[in-house]
Amino acid sequence: VAAAAVAAVAAAAAETATAAATASNWVTGEVTEPIAVVCSRWGADPHSRGSYSYVSVGASGDDYDEIGRPEPSSGGRLLFAGEHTCKEHPDTVGGAMLTGWRAARHALHIMTGEPGELFDEVFALADPEDLNEEDEDEEESDSEDDDEEIDEDGNRVGGKRGRKKEEKLRVKKERKEKVKKEKGEKRRRGRRIDDDEEEEGPEDDEHARERARRKLEEEALARVENLRREATEATVGKEEVKRVLRLMADAPMVDKENPKANKPLAVDTMDAFVALMADLETVSGRRAFVVAALEQVPGQQRSEWALRRDGLTGLTKWLTEVSIKESGKELTLLMLQLLLTLPADYKVLRSSGIAKIMQLRFATHPKPDVRLMARRCAHRWTQVQ
């Protein structure tokens, strides 16, 4: 709530500054003092007592996005923030901080009049132009001569505004029915229920045996896959590790406390290191490569490899392919640690797709330490932007 209030005040200040954006105090580095600051006492409020948001029956995560959407009637200048507007990290201080940064970036985008869309791949933001168009459409509909009428019950019927409202309600209803239908289909597939069966009530022995048989088949396939993976790691993986170690045998360990004392790798060694990445297919080989990048490649060459020599693109591919099970946990943590050492160049981050992969695969990862490391990456990228 406090974050939302501060964001709203900042947006109000942004509205007053927009008229002189090209030669404003913002451009010269002098930021106007806020006209007011409102801070709630969440823990002492008798109506909340420190409570937090939760998804009630009939609600969904999309409601968080709806609550956090900029107010259209303000032209996108009334912004909201707080854990209750963050479906990725609800009920947390981190969610409140992230949405506060999100609102601040949105306000800066409006104040500076920057062209193009906002860079925000951790959270989806409404584009200010879309909000302005929606606001203009509403003003146009108000100004035009409408042919709506009032029926006997006092309801508006016909007319442009009435038809527009009916269309919105129809689309909203269809969307809810689609979500409900998809949830029902997923539930039926998970419980192996035929279309002509009742979802409630006891299942007969035949369906129970079928479920047990399929479970045994899945477990057998998983064991075979594990054996195949272990055999590959013991042969191909061992050879890939040897290739990495032989290449970096003469490279010293980097001094993390005194980076200026590190000497760059020889050009031919660095070129071979960059080319080697595309040849590594096993978890063992990729793990050895990432460890070498962290401990033996100086920071400047590491940054050049990531930003200018497709290193970040390669990491994105590896993060897409790594298993979310225990076998891929160590490699995942090492790659995320490597990402934290790289410059947060938002253009490269955007073109490589790394931010999207981070949200889709690791924001809800089953391993808590992987989720924590992914959030650290997202926080760092958000702060820079």
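A: Here is a walk through helix H12 and the core it belongs to.

First, the ground rules. This is a predicted model, so local features need pLDDT of at least 70 and side-chain atom pairs count only at pLDDT 80 or more, while totals for chains, interfaces and linings use all residues. Residues are numbered from 1 along each chain as its sequence is written, and side-chain values use heavy atoms, with hydrogens and water left out.

The chain has 15 helices and 2 strands (DSSP runs, H or I of at least four residues for helices, E of at least two for strands, numbered from the N terminus). H12 covers residues 329-340, and its 12 residues should span 16 Å at 1.5 Å a residue (1.5 Å times one less than the number of residues). Its end C-alpha atoms sit 17 Å apart, which agrees.

Of its 45 residues, Trp-305, Leu-315, Leu-336, Leu-339, Met-358 and Trp-381 touch the most other members. Elements giving two or more residues to this core include H8, H11, H12 and H15. H12 provides the largest share, 7 residues.

Met-358 ties in here: leaving aside neighbours within four places in sequence, Met-358 is in contact (heavy atoms within 4.5 Å) with Leu-336, Leu-339, Ala-363, Ala-374, Cys-377 and Trp-381.

Definitions and conventions:
Core = buried A, V, L, I, M, F, W, Y, C linked by side-chain atoms within 4.5 Å. Buried < 20%, exposed > 50% of the residue type's maximum accessible area, 1.4 Å probe, protein only.
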